[in-house]
Amino acid sequence: MGGELLDIAAARLREASSLFVVTGAGISAESGIPTFRGAGGLWEGFSFQSLATPEAFAEDPGRVWRWYRWRAEQYGECLPNPGHDVIAQMEAAIPEVLIATQNVDGLHRRAGNVNVVELHGSIADMRCVACERLAPFPQGAIVDDPVPRCAHCTAAMRPHILWFGETYWPGILEQAQAAARQADVCLVVGTSAQVWPPVALALHARDCGAYLIDVNPEVTDLSRTADAHLIGPSGTVLPELWERVGR
Ligand code: BV8
Ligand code: ZN
């Protein structure tokens with residue numbers, strides 16, 4: 001990858017007092033979590049319409065729960081990778097940092113990031129369909145009914161994850177938009193830029209004056225409009241970039 005592009009991106013990060021980060025499944029690929037649209041991705045054999053939608057849950061909650069329990073098992077065995085670690089170091093070094101992640105795997109928090117907005121929810125939580133109370137996502141093997149019941153009102157619980165066709169929880173996008181508006185640098189890592197609202201956040205940051213860096217081994221609609229497309233896996237590119245920043 002072009003050294004001078006790395007140097008320019010590093011220079012921007014060195015001067016930045018506010019950083020807005022948008023991440024997608026690609027940042028967790030090197031932690032062993034399959035991406036959605038890559039080979040062997042989560043959608044292999046499952047179309048998202050059949051699983052990550054409110055209709056699918058209404059039709060067969062047990063099937064949706066089994067899929068998420070399988071994913072939770074996978075995520076539980078995974079660890080943050082050097083890409084996550086660098087983003088945690090960035091938050092420690094730069095005054096204003098917000099991470100808006102599309103991932104539900106919780107790896108940014110496990111890497112030490114604190115200012116994290118989980119745009120699409122988290123595999124660590126489940127939510128009551130009736131009273132909306134949150135509870136920890138069930139661990140271990142499914143013993144009886146795969147659909148947990150609410151301890152408070154006995155209605156069915158669902159994964160606390162945003163499904164396709166659902167609107168974002170109030171305040172979530174606004175919080176991210178506020179960070180996007182005041183960012184000196186917007187760093188996008190590992191997203192195919194196919195789900196619109198997260199992409200819109202990065203473009204909003206750029207429209208408000210942020211320098212837009214995209215880290216992805218592939219070319220996407222976002223990398224084409226980025227100020228710097230750093231081509232490669234984030235587990236390698238981010239440490240190299242941060243090394244040159246020297247903060
Ligand atoms: C909304 C949680 C307003 C689930 C997710 C009704 C039905 C169907 C669709 C819609 C609908 N109504 C509206 C829509 C549009 C829909 C949408 O955008 N669909 C797309 C697919 C066209 N959006 C929504 O529904 C959103 N809501 O817009 O609200 C609204 C409401 C109603 C009507 C109109 C408007 C809600 C979307 C949230 C869905 N939930 N996840 C779960 O996890 O089970 S989305 C899911 O896919 C992820 O969370 C992620 O956000 C998203 C995109 O995936 P990526 O993270 O980008 O991952 P992907 O695999 O695609 O790409 C990986 C990238 O990494 C690749 O580029 C690859 O090159 C790169 N990479 C690989 N290795 C590495 C790497 N990069 C760096 N390093 C590496 N090593
Ligand atoms: Zn309840």
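**A tour of the ligand 1 site**

Begin by selecting Phe 36 and ligand 1: a polar backbone atom of Phe 36 is 2.7 Å from an oxygen atom of the ligand, a polar contact being a pair of N or O atoms within 3.5 Å. This is a predicted model, in which local features need pLDDT of at least 70 and side-chain atom pairs pLDDT 80 or more, while totals for chains, interfaces and linings use all residues. Residues are numbered from 1 along each chain as its sequence is written, chains are lettered from A and ligands numbered from 1 in the order written, and side-chain values use heavy atoms, without hydrogens or water.

Next, select Ala 25, where a backbone N or O atom lies 2.8 Å from an oxygen atom of ligand 1. At Gly 26, a backbone N or O atom is 3.5 Å from a nitrogen atom of ligand 1. The protein covers 78% of the 1,500 Å² of accessible area that ligand 1 has on its own (Shrake-Rupley method, 1.4 Å probe).

Now display the residues around ligand 1, those with a heavy atom within 4 Å. There are 34, and the closest are Arg 37, Tyr 68, Arg 71, Gly 165 and Ser 192. By class, 16 are nonpolar, 13 polar and 5 charged, with Gly counted as polar and Tyr as nonpolar.

Then colour helix H5 (61-76), a DSSP run of at least four residues. The largest share of the shell, 3 residues, comes from H5.

Finally, colour domain 1 (3-32 + 80-120 + 168-245) and domain 2 (42-77 + 126-161): both give residues to the shell, so ligand 1 lies between them. The domain bounds come from an automatic or database assignment.

Terms used:
Polar contact = N/O pair within 3.5 Å; in protein donor to acceptor, adjacent residues only side chain to side chain. Helix = DSSP H or I, 4+ residues; strand = E, 2+ residues; numbered from the N terminus.
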